[in-house]
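Please look over the sequence and the model shown here before reading on.

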Amino acid sequence: MGKIIQPLGTIDRNSSKQDIVELAQTHGNEIIEKGYDLLKVYVELKRYLLYLDTILKTIQPQTLSKAVDQGEKSFDYSNARVTIINRTKYSFENDNKWQELDHQLQELKKLKKQREAQLKQVIGDSMEIVDTETGEVEQLLAPMKEMIQQLMIKL
């Protein structure tokens, strides 16, 4: 393999998307098999993801302009298909009914979060609480829990 990641311009331009995925999987397996410091590799790759994503966002407007200058809606470039699309973006804030519905949705989300916090406090399988406004007794069931182990990388 030589290097952990391929330098820009060295992935075969005739490779399909699936070929690139398979190449990356092969290199990932080689990284594991060759005994690299996996934490170091993972953290560095996360840095590169942020770096490359930022570059893409930075050059996107000028890249779109260059693609438009080609004069075609769709064309092949460096063994990739480039298509200029028009997408409609709607803003509904000027409609009173939409604003009302959006407000209701935000309130429901807030109530849902409050309910989730309340359910997290259930000790055992269930517990009863009394609604202070109505005096009604309500049975709360404990949420199902699953512990998932994962990495969190902060750069």
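This is a predicted model: local features need pLDDT of at least 70, side-chain atom pairs count only at pLDDT 80 or more; totals for chains, interfaces and linings use all residues.

**A walk through the model**

Helix α1 is followed by G35, a residue whose phi is positive, near 80°. Residues are numbered from 1 along each chain as its sequence is written, and side-chain values use heavy atoms, with hydrogens and water left out.

The protein has 3 helices and 4 strands, and from the N terminus on these elements run α-α-β-β-α-β-β. What span should the 17 residues of α1 have at 1.5 Å a residue, and how far apart are its end C-alpha atoms? The expected span, which is 1.5 Å times one less than the number of residues in the helix, comes to 24 Å for α1, and its end C-alpha atoms are 24 Å apart, which agrees.

The strands β1 and β2 pair in the antiparallel sense over 4 bridges, where two strands are said to pair if DSSP finds at least two bridges between them. Within this pairing, D76 stands opposite R81 in β2, and Y77 stands opposite A80 in β2. The hairpin of β1 and β2 has 2 residues between the strands. S78 has its place in the loop between β1 and β2, and N79 is found in the loop between β1 and β2 as well. Most residues other than glycine have a negative phi. S78, although not a glycine, has a positive phi of about 55°, and N79, also not a glycine, has a positive phi of about 60°. S78 counts as partly exposed because its relative accessibility is 40%, whereas N79, at 53% relative accessibility, counts as exposed.

Helix α3 covers residues 96-120 and includes K120. Because its relative accessibility is 64%, K120 counts as exposed. K120 and K145 are 25 residues apart in sequence, and their C-alpha atoms are 9.6 Å apart in space. V130 has V137 in β4 as its bridge partner. Between the strands of this hairpin there are 6 residues, and G135 takes a positive phi near 80°.

Turning to the overall form, the C-alpha atoms of the protein fill a box of roughly 70 × 55 × 25 Å, taken along the principal axes. The radius of gyration, taken over C-alpha atoms, can be set against a globule rule of 2.2 Å times the number of residues to the power 0.38. A compact globule of 155 residues would have a radius of gyration near 15 Å, but the protein has 26 Å. Of its 155 residues, 6% count as buried.

The pockets come last. On a 1 Å grid over the protein atoms alone, a pocket is an open set of points with protein on both sides within 12 Å along at least five of seven lines, unlike a cavity, where a 1.4 Å probe fits but cannot get out; lining residues have an atom within 4 Å of a point. Grid points are joined across faces, edges and corners, and a volume is the space filled by probe spheres set on the points. The largest pocket has a volume of about 1,700 Å³. It is lined by 43 residues, of which L8, L52, I55, L56 and I59 are the closest to its centre. The elements that give two or more residues to this lining are α1 (17-33), α2 (38-69), β1 (74-77) and β2 (80-83), and α2 gives the most, with 18 residues. By class, the lining of the largest pocket has 26 nonpolar, 11 polar and 6 charged residues, where Ala, Val, Leu, Ile, Met, Phe, Trp, Tyr, Cys and Pro count as nonpolar, Asp, Glu, Lys and Arg as charged, and the others, Gly among them, as polar. The second largest pocket has a volume of about 230 Å³, and its lining has 8 nonpolar, 3 polar and no charged residues.

Key. Buried means under 20% relative accessible area, exposed over 50%, partly exposed in between (1.4 Å probe, protein chains only).
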